[in-house]
Amino acid sequence: MTCRTERMTDTMPLPYLPNTEADRKAMLRDIGVDSVDELFRDIPEEFRNPDLSLPPPLSELELKKELGRLAGSNVSLDDYACFLGAGSYRHFIPSVVDHMISRSEFYTAYTPYQAEVSQGTLQSVYEFQSLICQITGMEVSNAGMYDGSTSAAEAAMMACAIKNRSKVAVLASVNPTYREVLDTYSRGKDLPLVTVESDGDGLPADCACLIIQQPNFFGHFEPIESYVRKAHEVGALIIDIVDPISLGIYRPPGDYDVDIVVGEGQSLGIPMSLGGPYLGLFACRKDYVRRMPGRIIGKTVDVDGNPGYVMTLVTREQYIRRDRATSNICTSESLMALAATVYLSALGKTGLRRVAELCYHKAHYAAREIEKIKGYSLAFSQPFFKEFVVRCPVPPSRINKALLKEKIIGGLDVSHLVDDGLLLCVTEVNTKQEIDRLVKTLGAV
Amino acid sequence: MKRHELLPDISRPGRIGCTLPDLDVPSSEMPSEELLREELEIPEVSEVDLVRYFTALSKLNYGVDTGFYPLGSCTMKYNPKWHEDVARLPGFAAIHPHQPEESLQGALELMFRLQEYLSQVTGMDATSLVPVAGAHGELAGLYMVRAYHEDRGDSARKKILLTDSSHGTNPASAAMCGMEAGVVASDENGDLDLSSLDSMMNDEVAALTLTMPSTLGLFDPKIAEIARLVHDRGGLLGGDGANLNALLGKARFGDLGFDYVQLNLHKTFSTPHGGGGPGSGPVCARQNLADFMPTPLVADDDGRYRLVSPPKTIGRIATFYGNFSVMVKAYAYARSLGEEELKRISEDAVLNANYLKENLKEYYHLPYDRICMHEVVFSGKKQKAKGVATLDIAKRLLDYGLHPPTVYFPLIVSEALMTEPTETESKETLDEYIAAMKEIAREAEENPEVLHSAPLNTPIRRLDDARAFRQLDLRWEMKGRENSGG
């Protein structure tokens, strides 16, 4: 074999293509064709082998450099103080989480159709379902959905199917992006979406469900008992969007007679990653389990009587029931559910409670200190957990710009919802020093 | 730790699996009692027990890294390891979706380039990366179809046509979009039956959605006629791109007449399947549908990257912008390939499938004996005649240390074995699979009992699905356990 340099660069093979030229020739001979092109003869010739004008390929070495440059031009929150929440939260993730989900037997498998060689995935989902039931106080959980907002949308559709009604009511204090997703999904299904103001008036008597968020988008607690009562009075289900970290200390929705619980599971050991992959939580009363979307894992026994796990209630699912399935969901966020399972196991009851307490005390310290600054006030007086809205003396966009200069990512500008409102989030990751720096900078704006 | 123990079994009061800081600010008064929970019953496990527990679980799994995984229509190709590293760079992992755009320029640039790349490879005008899974992308496509017709004032189109070999997600997505699904038959070659389409394609039909190549692993040579017929009658042609691995650099959906196509980056672009996600299901569309795409898209505004909303967008379909870390891996893969490599992927995928087909068709019934694309669908009906079901064949493969193909799908092939080897498997691996399948065919003739009782060598044997369904056990409870500490 010759080894001319100009040939070498031309033929640098891909490590993911093990067939050699000799293999290819032998295989083509077996198939009985002369060239690989003959295998593509069903594609009409006019469409075959288009010119793509793609750039030349890069090696691992070059691409790592290139991707390092792209990553480096973002502001990583490992380097800045950050007070953003509003649906994506910065919580501490113990290293054990990433180590466990990096076991490639987990992450290179697919949907556990062959239960005998998928017990790792199946048993861990059974753990996940159990843990979600334990923290929410609900009876059953599925294996996870795409994210918090799509979970809420699927819950609304499920409620409509259960109640045989078409109207969906949503409380005005629900996260507006969730509201937008609800709008898209309900328009698709021709289910009118009605907004209910915070006093609960205007709840339509013929609605299938009322969706609330606890704590709500602005961070504070809703009088959930009154909403549960109002919804049940008109025969509607109540759907509660929860923050799973808050459940470390707060009363779970199961205690309030809630029918369906959904939520964003990202807080449970999943990086922020610009918004995905995340994890939709979905739990409900046992009575409704056959109407649930998504995968559900059940415990059973094998032919020798040993305990094992399988996908169950599969007749709800699209690959069996097609257009009469409870949802179209198939591939979801299984590995993220595993992350949440490892996270909750690592924290345990002491750890989850402590994370919630740290968030609570730090957020309240920050709120108290900000309130002391001239011109700033808290927009709401209700109890809150880790997020709160501050009314600012100048437009919040200006404040965020000033904070960014000080290497602080400020809050979410909600001035379109609350006059001069800035939605701040404080978690266990924020140190006293960071909070004090935030307060100092706010005072100087 | 015993094999069948669960987390609550290894829990002991006072244990924990990580450390957390002390409070460094003055504490505040706790909220009123009625807001607080009485008890929180979740397991307390030490870090070492935790690691051993999940490590032991992982060993019960079979993944692409374990061995051959020819699950049809799932494209279980190898997942390059270094992609995992780059997706975890702090500049990609530790960024918040609501950060100011100027602090996210690298991430947005990557998304923009991936949009452009996928548009180029599919021959489309625009790409939205928001859908997080294939079925999510399908749904986005159908919302776009509906919005397109409504925008033209043509709201009578309430029907989606699909083929009898389509994925279950296709009719389920149609139902979620408020559409009725109509089924077009396949002809004797496994292609779409043109006369059936002709009779169904009227002014109530919003779109025909077609998996290309089909789930039978076949490319329909009549595609141009199909596209013409659908368009002439005012409909749109939608693509399910689950099987794009057959067509990379070989043909483009846009050129073939499709108006949109949804992709699966976790199949074609080598990102890991994660045991059932995370995936990524971008939707790529031609100009006529581009204005309706889900929000947001990334735009290049003179070198400054911004999130923008298409003018007639169907709206938001996920909380944020899609599965970003999956996009990083897909981009890394895409840029590792030039035009030659891209073509080579599909050529080897198709070559491998045809090699399996030729070597096994004597032993297993081949319902459509023609050149196949990236996958081949056999039928176990020869073996069924001997009392051996396709399920038995699948379970026996497990004993040979191999993952079975997709079974009992597509529905139009009885006892289907839908086999997709992918390009990342060597001839030796294929030969090993061929040998096992031949041996199983022999066993079906000579010793069917061994097939009925398979698998014998797996961590657990055949499970009782009926019992799981009848006696629902979907969770454990902490209460009443000896080790719970009261």
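1. A quick definition to start: angles under 35 degrees count as roughly parallel, over 145 as roughly antiparallel, 65 to 115 as roughly perpendicular, and the rest as oblique. Keep in mind that this is a predicted model, where local features need pLDDT of at least 70 and side-chain atom pairs pLDDT 80 or more, while totals for chains, interfaces and linings use all residues. Residues are numbered from 1 along each chain as written, with chains lettered from A and ligands numbered from 1 in written order.

2. Now the helix pair. In chain A, H6 (residues 119-136) packs against H11 (residues 334-371) at about 60 degrees, their axes 9 Å apart, so H6(A) and H11(A) are oblique to each other. Helices here are DSSP runs of H or I with at least four residues, and strands are E runs of at least two. Axes are lines fitted to C-alpha atoms, for helices over the stretch in contact, with angles from 0 to 180 degrees between N-to-C directions.

3. Who touches whom? H6(A) brings residues including A:Phe128 and A:Leu131, and H11(A) brings, among others, A:Leu338 and A:Leu344; contact is C-beta atoms, placed from the backbone, within 7 Å.

4. On to domains, with bounds from an automatic or database assignment: chain A has domain 1 (81-92 + 348-444) and domain 2 (95-341). Domain 1 of chain A puts 22 residues into the contact, and domain 2 of chain A puts in 18.

5. On the side of domain 1 of chain A that touches domain 2 of chain A, H11(A) gives the largest share, seven residues.

Key
Two residues are in contact if their C-beta atoms, placed from the backbone, lie within 7 Å.
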